[in-house]
Amino acid sequence: MIVRPFETAVEELTLRGTCYLPDAPVGAGAPAAALMHGLGGNRIEGARFFVSLAQALTAQGIAVLAWDRAGHGESDGSFFDTTVSRDVRHTHLVLDAFAGLPDIDADDLHLLGLSLGAVEAVAVAASSPRPIRSVTMLSTAAVFVDEIASGFIQGRPLDTVESLGYFDFLGQRMGPDMIADARTFDPYTAAAGYAGPTLLLHGTEDFVPLRYAERYVEVLDRAELEVIPGADHGWMTVPHRDLVERRTLEHIQAHARHGSEDHA
């Protein structure tokens, strides 16, 4: 495996990440997966979740990009300015830069998102000018829209935005733009234009109610939902992470340009 730093300029910000590449080029280029982290997270994710996932995919010939969205990790910008709409807009530009790298098959892109990253991943796939061959959604957190509409996030009131000018999200200042954006962003309408295969994995111990994942099955023509007994929001056991790696790999391989579908 080859590990290289990644950075690209997006709307006067530099977004930074890591590319994980197979040791040898695969024909005209490797299938490529972009990993999208959750709100307040980064390209490593909890207990190296995305690093381990990237290593597992790269070992099977899949190139991987994991990057920090604006205001997260090592990327430029402030968490205060975070919005879902901005993340989606930025991701299209990040994918353009990723697809332009040597040894990447620009026509064989796959997206994976965790938590809010899952909501954004399928919204990106639905609005992408380039084909996205598959989407994998883990612990899909579409609940954020209803939470913000009710004046809370993860059970905590949002009224500090008026008194302090920000909401304290895991020690970071979340500004009012996130709240305003959530009031106009419909996750399911944003996803509905995606016609490709989507795999949703959701644990029974996730704090996000299962119904938010189930709704995607109703609006996406090729969505498959697997409910995993005992799994939590961050997939924090070895068996559950092994399952995510296995199912993600199977899903990407099945829908890659030279995967099993093409030989059926």
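Student: Which strands does α9 lie across, and at about what angle does it run to β6?

Tutor: The structure discussed here is a predicted model. In it, α9 lies across β3, β5, β6, β11 (198–203) and β12. Its direction relative to β6 is about 165°.

Student: What is the strand order of the open sheet of 8 strands, and which are its edge strands?

Tutor: The pairing in this open sheet is mixed, and the order is β1-β2-β4-β3-β5-β6-β11-β12. Neighbouring strands are turned by 20° against each other on average, direction ignored. An edge strand pairs on one side only, and this holds for β1 (2–10) and β12.

Student: How do β2 and β3 run relative to β4, parallel or antiparallel?

Tutor: Strand β2 (residues 13–21) is joined to β4 (residues 63–67) by 4 bridges. Within that pairing, Thr-18 stands opposite Ala-66, and Gly-17 has Trp-67 as its bridge partner. Between β3 and β4 there are also 4 bridges, and Leu-35 stands opposite Ala-66. The direction is antiparallel for β2 with β4 and parallel for β3 with β4.

Student: How many residues of β4 are buried, and which way do they point?

Tutor: Ala-63, Leu-65 and Trp-67 point one way from β4, while Val-64 and Ala-66 point the other way. Residues on both sides are buried.

Student: Why can the buried residues of α8 be said to line one face of the helix?

Tutor: In helix α8 (residues 211–219), the buried residues are Tyr-212, Ala-213 and Tyr-216. Seen down the axis of α8, they line one face because they fall within an arc of 105°. Arg-211 and Glu-218, on the other side, are exposed.

Student: What covers the buried residues of α8?

Tutor: The cover includes both helices and strands. Among the helices are α3, α4 (143–149) and α7 (187–191). The strands included are β6, β11 and β12.

Student: Which residue caps the N-terminal end of α2?

Tutor: Helix α2 (residues 84–99) has 16 residues and reaches 22 Å from its first C-alpha to its last, close to the 22 Å expected. At its N-terminal end, a side-chain oxygen lies 3.0 Å from the backbone nitrogen of Arg-86. That oxygen belongs to the capping residue, Thr-83.

Student: Is His-92 buried or exposed, and which residues is it in contact with beyond its neighbours within four places in sequence?

Tutor: His-92 lies in helix α2. Its relative accessible area is 16%, and the limit for a buried residue is under 20%, so His-92 counts as buried. Leaving aside its neighbours within four places in sequence, its contacts are Val-124, Ser-127, Ser-128 and Pro-129.

Student: At what angle does α3 run to β5?

Tutor: Helix α3 covers residues 116–127 and lies across β3, β5 (104–114) and β6 (132–138). Its angle to β5 is about 145°.

Student: Ala-47 has a positive phi although it is not a glycine; is this residue buried or exposed?

Tutor: The phi of Ala-47 is about 55°. Ala-47 is found in the loop between β3 (30–36) and α1 (49–58). Its relative accessibility is 57%, and the limit for an exposed residue is over 50%, so Ala-47 counts as exposed.

Student: Is Trp-235 buried or exposed?

Tutor: Trp-235 has a positive phi of about 55°, although it is not a glycine. It lies in the loop between β12 (223–228) and α9 (238–255). At 0% relative accessibility, Trp-235 counts as buried.

Technical notes: Residues are numbered from 1 along each chain as its sequence is written. This is a predicted model: local features need pLDDT of at least 70, side-chain atom pairs count only at pLDDT 80 or more; totals for chains, interfaces and linings use all residues. Side-chain values use heavy atoms; hydrogens and water are left out. Helices (H or I, at least four residues) and strands (E, at least two) are DSSP runs, numbered from the N terminus. Buried means under 20% relative accessible area, exposed over 50%, partly exposed in between (1.4 Å probe, protein chains only). Two strands pair if DSSP finds at least two bridges between them. Axes are lines fitted to C-alpha atoms, for helices over the stretch in contact, and angles run from 0 to 180 degrees between N-to-C directions. Contact means heavy atoms within 4.5 Å. The arc is that of the directions from the helix axis to the C-beta atoms. The expected span of a helix is 1.5 Å times one less than its number of residues. A polar contact is a pair of N or O atoms within 3.5 Å; within protein, one must be able to donate a hydrogen and the other to accept it, and residues adjacent in sequence count only if both atoms are side-chain atoms.
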